[in-house]
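Reader: I've got a model open and would like to walk through it with you. Where shall we begin?

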Amino acid sequence: MNILFHTPGTNGASWIDALTQALPEARIDRWPATSASDTDYAVVWKPPQELVTTLGRVKAIFNLGAGVDSMPDLSTLPESVPVVRLDDAGMAEQMCHCVLRRYREFDAYADQQREARWQQRPRLSKRDFVVGILGAGVLGTAVAGALVRLGFPVRAWSRARKAIPRVVSFAGAQELDDFLAATRVLVCLLPLTQDTERLLDGVRLSRLPRGAYLVNVARGALVVDAELIALLDNNHLAGATLDVFRDEPLPAGHPFWHHPRVVLTPHVSAMTLVEESVAQIAAKIRQLEAGLPITGIVLRQRGY
């Protein structure tokens, strides 16, 4: 078995070491030192178009991330070549933290500490603290399930209606406004496509009830920055936790850095961990070799 690996990052050696240990029967080569002529599987991150066009005969291409918007034009590949993304990489853990931080009002207590003010705040009703998951794919389903287990009422929106235990499902453009109208914390997990870019503009975010909170861990281009800031400044939205941005690293002069109602993290909500990701890829390669189905195959016409 021959595997071709590519990443523009500096940790390529760590990936190759992990792949070698997980798949000792495979030969691991790195592009461009080796061509794709005899490749069975490709494991890539941000591959150039030059590489992708040579992968028309591989059994599968594994993308080192849950999102595939970093992949170039895939139309040069035959439909028989599956592109496979990583499954959940710990997203649910951070989303539970974000929701609990808002629900238990830890930011308000931090403000009180700075003022040396001892005051116990009345506990919010969990029954009325509705969490909305925007994007009910693999990641969204995992996050919804984790929040349900914590006792939160959860609703989810996606292109097509989903059956997720104890989660109210909304589907299609015609139900998006109703989904937003009763959501106290909006968790955005949508992929970036032509249909979702700039989806969360001022008009759409205004559909959230006054005092709602936004968490975006999907892609920065889903949000119109200036219009989000306007809604924070006029108190329609209480705050936002942002892990992803249209430009990364976030420029030093961007107003998000110092906005009092924005919590910012540098794209760490689902960091790709080498050993865990390689174990996942190795398991799927063995399933494919055995003729078994796998999860995570990208639907190219949808872009995710």
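Author: With a definition: two strands pair if DSSP finds at least two bridges between them. Strands (E, at least two residues) and helices (H or I, at least four) are DSSP runs, numbered from the N terminus. This is a predicted model, where local features need pLDDT of at least 70, side-chain atom pairs count only at pLDDT 80 or more, and totals for chains, interfaces and linings use all residues. Residues are numbered from 1 along each chain as its sequence is written, and side-chain values use heavy atoms, with hydrogens and water left out.

Reader: Fine. Which residue in E2 is the bridge partner of Ile-3?

Author: E1 and E2 (residues 27-30) pair in the parallel sense, over 4 bridges. Within E2, the partner of Ile-3 is Ile-28.

Reader: And what hand does the β-α-β unit of E1, H1 and E2 have?

Author: A crossover is right-handed if, with the strands pointing away from the viewer, the path from the first strand over the helix to the second runs clockwise. By that test, the unit made by E1, H1 and E2 is right-handed.

Reader: On to H9: within what arc do its buried residues fall?

Author: Buried means under 20% relative accessible area, exposed over 50%, and partly exposed in between (1.4 Å probe, protein chains only). In H9 (residues 274-289), the buried ones are Ser-277, Val-278, Ile-281, Ala-282, Lys-284 and Ile-285. They line one face of the helix, because, seen down the axis and taking directions from the axis to the C-beta atoms, they fall within an arc of 165°.

Reader: What covers those buried residues of H9?

Author: Contact here means heavy atoms within 4.5 Å. The cover includes helix H1 (12-22) and the strands E1 (2-6), E3 (41-44), E4 (60-63) and E5 (83-84).

Reader: Last one: how are the rings of Tyr-103 and Phe-129 arranged?

Author: Rings of Phe, Tyr and Trp (its six-membered ring) pair if their centres lie within 6.5 Å; planes under 30 degrees apart count as stacked, over 60 as edge-to-face and the rest as tilted. The structure holds 7 such aromatic pairs. In this one the centres are 5.3 Å apart and the planes at 65°, so the pair is edge-to-face.

Definitions and conventions
Expected span 1.5 Å × (residues − 1).
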